[in-house]
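I opened this structure for the first time today. These are my notes, in the order I looked things up.

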Amino acid sequence: MIRKLRHIFNACLATGYFPDKFKHATITLIAKSGKSAHEVGNYRPISLLEVPGKLLERLITRRLITHLENNNKHNSRQYGFRPHRGTESAIALAYEEIALGLANKHQINIILRDVSKAFDKVWHDGLKYKIIQLQLPTHLTRLLCSFLDHRTATIRLGSHLGTPLHLRSGVPQGSVLSPTLYILYTANLPQPTPHSNYFSYADDVTQIISHPLNHNIS
């Protein structure tokens, strides 16, 4: 079995083709903690994918991450799903930014943003354009674009399976490759302005705004 899978994976990498069998997902809905079970928006859709497809995704992800890190293609303020950049690093830098502003007797304002249904809203053509701009090896570019094409999903409710749906946007929750594709898709967020900085963790953005206090205002 391992030998046959290796043959399939090598053929996929060589030709830039992601098999359609690996692109069909069974979507199960997980209720969000503390939310009403009667609201559709309070469920998180998780895509259950074929295990061999996830193995192939992991091979692709390693190659993509290596290229992004070695060629500095990430947003420097992104700390999600990147090697050696965890929540501890983001929290420490945010704490340092706040402490520096307070030491300079500045007023600190913090804005917390969370992109709603972030993975589901990824525009395929826009993501493909950004993939092409990376100047990856041709076969890897084709493979990533093939990963996005002709995706389908079936929703499972209890023991009932719905009819297959064609997915024209988004990257699947539960996919090994999706987090890396999402932070690539959002890598061109604007750089901070004077007296303002931000730190991203996947689809969460923490913005810290620091400005001198105006003591002349009553």
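**Notebook: loop, sheet, helix, pocket**

I started with Arg82, which sits in the loop between helix 2 and helix 3. Helices (H or I, at least four residues) and strands (E, at least two) are DSSP runs, numbered from the N terminus. The model is predicted, so I noted that local features need pLDDT of at least 70 and side-chain atom pairs count only at pLDDT 80 or more, while totals for chains, interfaces and linings use all residues. Residues are numbered from 1 along each chain as its sequence is written, and side-chain values use heavy atoms, with hydrogens and water left out.

Is Arg82 buried or exposed? I found a relative accessible area of 12%, so Arg82 is buried. Buried means under 20% relative accessible area, exposed over 50%, partly exposed in between (1.4 Å probe, protein chains only). I then listed what Arg82 touches, leaving out residues up to four places away in sequence: Glu69, His74, Asn75, Ser76 and Ile183. Contact here means heavy atoms within 4.5 Å.

Next I traced an open sheet of three antiparallel strands, in the order 3-8-7. Strand 3 (106-114) and strand 7 (196-201) are at the edges with a single partner strand each, so one side of each has no neighbour in the sheet. From one strand to the next the twist averages 15°. Two strands pair if DSSP finds at least two bridges between them. Strand 3 and strand 8 (residues 204-212) are joined antiparallel by nine bridges. I picked out Ile110, whose bridge partner in strand 8 is Ile208.

I also checked Gln107, in strand 3. Gln107 is partly exposed, at 33% relative accessibility. Which residues does Gln107 touch, not counting residues up to four places away in sequence? I found Ile209, Ser210, His211 and Leu213. Gln107 and Leu213 are 106 residues apart along the chain, yet 5.9 Å separates their C-alpha atoms.

Helix 3 (residues 87-103) lies across strand 3, strand 7 and strand 8, at about 150° to strand 3. Axes are lines fitted to C-alpha atoms, for helices over the stretch in contact, and angles run from 0 to 180 degrees between N-to-C directions.

**Helix 5**

Helix 5 (residues 138-148) came next. Eight of its 11 residues are buried, so helix 5 is largely enclosed by the rest of the structure. Among the buried ones I noted Leu140, Cys145 and Phe147. The buried residues pack against helix 1 (2-15), helix 2 (51-70), helix 4 (124-133), strand 4 and helix 6 (178-185). His150 follows helix 5, with a positive phi near 55°.

Strand 1 pairs with strand 4 in the parallel sense over five bridges. Six bridges join strand 1 to strand 2, and these two run antiparallel. Leu29 stands opposite Pro45 in strand 2.

Pro45 turned up again at the largest pocket. Its lining has 28 residues, and Arg44, Pro45, Lys117, Asp120 and Gln173 lie nearest the centre. A pocket is an open set of points on a 1 Å grid over the protein atoms alone, where a 1.4 Å probe fits, with protein on both sides within 12 Å along at least five of seven lines; lining residues have an atom within 4 Å of a point. The largest pocket holds about 800 Å³ of space. Which strand gives the most to the lining? Strand 2 does, with four residues.

Note on methods:
Grid points are joined across faces, edges and corners, and a volume is the space filled by probe spheres set on the points.
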